[in-house]
Amino acid sequence: MAASALRLDEEDAIKHTWSRFSNAWQRGDVREVAAVFDADGDHRLLAGGGRVVQGRPELERAFARAFAHRSGNCRRTLNCALTSVRFLQSDVAIVDGTLTFGPRVQAEGRALPAGEEPFTAVMRRHDQGWSIAACRAGSLQAQ
């Protein structure tokens, strides 16, 4: 397979990981959201004062707390648009993109904003596909 075709296949596999993340986030599926991260993966939580959570158990707890503020018919969406993928090695990539949240809703007396936030992630390829080793999101630009 030509190098450019292989690169496109790998980029599609990376996009698939972000699609899994987005779909699980929209469903409020804590386990599946955490499953797209490496077992020791980490994520900086903007809502938690910029605290970095590491490992699937801690990620599950953090996302469970975040999803607890949703009502059953919350209809929140999360779209992940990738703007660049740079392969550092055949199995390590830096990914930049934008997370778009919506719509703005009130849940349990709390405003859940709509808007966009940029992100950068380090991703690794394993036998079962690409996973997120580390993710850093920027500030939400409210719509």
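These are legends for a set of close-ups of one predicted model.

**Before you look.** Because the model is predicted, local features need pLDDT of at least 70 and side-chain atom pairs count only at pLDDT 80 or more, while totals for chains, interfaces and linings use all residues. Residues are numbered from 1 along each chain as its sequence is written, and side-chain values use heavy atoms, with hydrogens and water left out.

View 1. From the N terminus on, the order is α-α-β-β-α-β-β-β-β-β-β-β. Helices (H or I, at least four residues) and strands (E, at least two) are DSSP runs, numbered from the N terminus. The protein has 143 residues, and 37% of them count as buried. Here buried means under 20% relative accessible area, exposed over 50%, and partly exposed in between (1.4 Å probe, protein chains only).

**View 2. Helix 3 and its buried side.** Helix 3 takes in residues 56-67, twelve in total, and its first and last C-alpha atoms are 16 Å apart, close to the expected 16 Å. That expected span is 1.5 Å times one less than the number of residues. Leu59, Ala62, Phe63 and Phe67 are the ones to pick out, as they are buried. They sit on the same side of helix 3 because they cover an arc of only 130 degrees around the axis, taken from the directions from the helix axis to the C-beta atoms.

**View 3. Trp25 and Phe63.** Trp25 belongs to helix 1 and is buried, with a relative accessible area of 9%. Trp25 and Phe63 are 38 residues apart in sequence, yet their C-alpha atoms are 8.7 Å apart in space.

**View 4. The hairpin of strand 3 and strand 4.** Strand 3 (residues 77-89) and strand 4 (residues 92-102) run antiparallel and are joined by eleven bridges; two strands pair if DSSP finds at least two bridges between them. Two residues lie between the strands of this hairpin.

View 5. A pocket is an open set of points on a 1 Å grid over the protein atoms alone, where a 1.4 Å probe fits, with protein on both sides within 12 Å along at least five of seven lines; lining residues have an atom within 4 Å of a point. The lining has 15 residues, with His126, Gln128, Gly129, Trp130 and Ser131 nearest the centre. Helix 1 (3-27), strand 1 (37-45) and strand 8 (129-137) each give two or more residues to the lining, and helix 1 has the largest share, four residues.
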